[in-house]
Amino acid sequence: MDSTDPRCIHAQAITTGAAKANRAVLNNLITLYSKSNLRPDAVRVFQSIPSPNVVSWTALTSAFSNSPLSFHHFISMLRHPSRILPNAHTLTSLLKTCATLPALAFGVQLHCIAVKLGFCSQLFTGSALVSLYFRNGLLDDAKKVFDEMSVRDAVCFSAVIVGFAQNSKPIDALSCFVEMRRSGVMSNMVSVSGALRAASDMAMLEQSRIIHGHGVVTGLNLNVVVGSALIDGYGKCGLVGNARVVFDELEMELNIVGWNAMMAGHAQQGEHDNVIELFTRMEERGMVPDEYSFLATLTAFYNAGLVEETEIWLRRMKEEYSLEPCLEHYTCLVGALGKAGCLEEAERIALTIPFKPDAALWRVLLSKCAYHVNMDIAWRMSDRLLEINPMDDSAYAILANAYASAGRWDEVREVWKRMKDKKVRKEGGRSWIEALGKVHVFFAGDRRHERTDEIYAKLAELMEEIEKLGYVPVWAEMLHEVEEKEKKKALWYHSEKLALAFGLLNGTAPPGKALRIVKNLRICRDCHEAFKYISRLVEREIIVRDVNRYHRFLNGSCNCGDQW
């Protein structure tokens, strides 16, 4: 007789008479049956209760969590002649179901009930509401619920930190983490991993290190979830070596998420040998690679420009591992082919894959057409991008760049006219660098920084010195025909150059320390060329994370091989 089988426990309750005399026993049986995935039995037990109370109904709705049936049972409770009202546990369980399904409309109605019954300020109900609104992208509503809670614990703060991080609001997530620490609330693996995700999304290395230090002090750094977030965070900051140190410390405990994060870190740098080595070791440990393992592998080959290997591993994924490639996997193949100049073949594959190509795929191919100055395919790719989103500024900007590279200024003007007629606004380029405990953001031609005069003087000095080393401006990055003097100034004052000049000012960063810059768009070819020379001039490593990949400038060269 299995003492953990709910049917055995139920039989014993019937034999002893407890099933008739004690409603609490039956309530407990409902929960036990649902945990054993025996929901029909749970319903039969519930129906045998002469006068179900709120605990009985809560057990029943919880038995069908993550299913619309839980809503059906909840409505039945409200309509029951005994007029039973839900308690905080009932609403919390239902709100979690609303967040999972998702079912926002029903969740809003539950919020109204929670307000009437005074449960919004209770920890579990409030946290569930916060998670529901964040899951549906309603950040202001989530924050309002959080702010109105009189008492907030680690669960509430974690919900907000993770919610902001998942909704691409890293600064808000980190601010909430700081507020939590100042409030004296202990952090947990969820809040720490959420804060690490936020810091890594902004490539804020110093913040990642501070949170890592906090993890060491609290002992959370040995947690698998936090460890995986640390690996992912250091990888996204371009510090694959640091990520590998954390990985080696936790290797025996890590699950496939941690292994995939480590492979992804190497993949972003195009270090395909390291990715394959990890893939092999992972299999030797008995782990089964998943679609993310293959995405990291294919990304590594794509970034390294290895077409044949990309094709082989995509085929292995299907034939040897019985995994169906997703759109992201095919995008790696299209990108690798485009990088190699096989643009017609890349377009053919994009049109024949078993998925409808998204904007990311067409944008990759458009960028490769611009690099290889293939205007016929570039124009088609631009049109395909605009079919998906007529307001996509990148479709115009990349195409104009391609025409400018070819010196076809009439077509450049036509692209900009077309963009203006459609009232499409180009996204402004911005770059940021973390220094002295703060994130400093720059726009092109920016003069808002308190050290503006020093920044511009330093930049002028750098540009004059690298010209002596042989740097020649990439005039094609100027999308308008202007005088050479104006061209030079316009190229000088790009946001990434201003960020770099600030990083090289006295007192900004320790001598010899690598400079890390993040840009929201693709780094332009002129800045790329200038950074190669500057890395040689100042004898410093410069790492730039743009929208496509990491660029590691050292001794006059970049690890991307001048293709990105």
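The buried residues of H30 are Asp526, Cys527, His528, Ala530, Phe531, Lys532, Tyr533, Ile534 and Ser535. The model is a predicted one. Helix H30 covers residues 525-538, which makes 14 residues.

What follows the helix? Just after H30 comes Glu539, with a positive phi of about 55°. Glu539 has this positive phi although it is not a glycine. Most residues other than glycine have a negative phi. Glu539 sits in the loop that joins H30 to strand S4 (542-545). Its relative accessibility is 68%, and because exposed means over 50%, Glu539 counts as exposed.

Asn37 is not a glycine, yet its phi is positive, about 60°. It is found in the loop between helix H3 (23-35) and helix H4 (39-47). With a relative accessible area of 54%, Asn37 is exposed.

Another loop holds a peptide bond to note. Most peptide bonds are trans. The bond from Leu101 to Pro102 is cis, with omega near -5°. Pro102 lies in the loop between helix H7 (88-100) and helix H8 (104-117).

Next, the packing of one helix pair. Two packed helices are described by the angle between their axes and the distance between the axes. For helix H9 (residues 123-135) and helix H11 (residues 154-166), the axes come within 9 Å and cross at roughly 5°. An angle under 35 degrees counts as roughly parallel, and therefore H9 and H11 are roughly parallel to each other. On the H9 side, the residues that meet H11 are Leu123, Ser127, Val130, Ser131 and Phe134. On the H11 side they are Val155, Cys156, Ala159, Val160, Gly163 and Phe164. The residues of this contact divide into eight nonpolar, three polar and no charged.

Leaving aside neighbours within four places in sequence, Ile211 is in contact with Leu174, Phe177, Val192, Ala195, Leu196 and Ala199.

Thr58 gives a view from another part of the chain. Thr58 belongs to helix H5 (residues 54-63). Its relative accessibility is 10%, and because buried means under 20%, Thr58 counts as buried. Not counting residues up to four places away in sequence, Thr58 touches Asn87, His89 and Thr90. Thr58 and Ser557 are 499 residues apart in sequence, and their C-alpha atoms are 64 Å apart in space.

Last, the whole protein. It has 30 helices and six strands. Along its principal axes, the C-alpha trace spans about 95 × 55 × 55 Å. Of its 564 residues, 52% count as buried. Among contacts between residues at least 6 apart in sequence, 62% join residues at least 24 apart.

Technical notes:
Residues are numbered from 1 along each chain as its sequence is written. This is a predicted model: local features need pLDDT of at least 70, side-chain atom pairs count only at pLDDT 80 or more; totals for chains, interfaces and linings use all residues. Side-chain values use heavy atoms; hydrogens and water are left out. Helices (H or I, at least four residues) and strands (E, at least two) are DSSP runs, numbered from the N terminus. The expected span of a helix is 1.5 Å times one less than its number of residues. Buried means under 20% relative accessible area, exposed over 50%, partly exposed in between (1.4 Å probe, protein chains only). Axes are lines fitted to C-alpha atoms, for helices over the stretch in contact, and angles run from 0 to 180 degrees between N-to-C directions. Angles under 35 degrees count as roughly parallel, over 145 as roughly antiparallel, 65 to 115 as roughly perpendicular and the rest as oblique. Contact means heavy atoms within 4.5 Å. Ala, Val, Leu, Ile, Met, Phe, Trp, Tyr, Cys and Pro count as nonpolar, Asp, Glu, Lys and Arg as charged, and the others, Gly among them, as polar.
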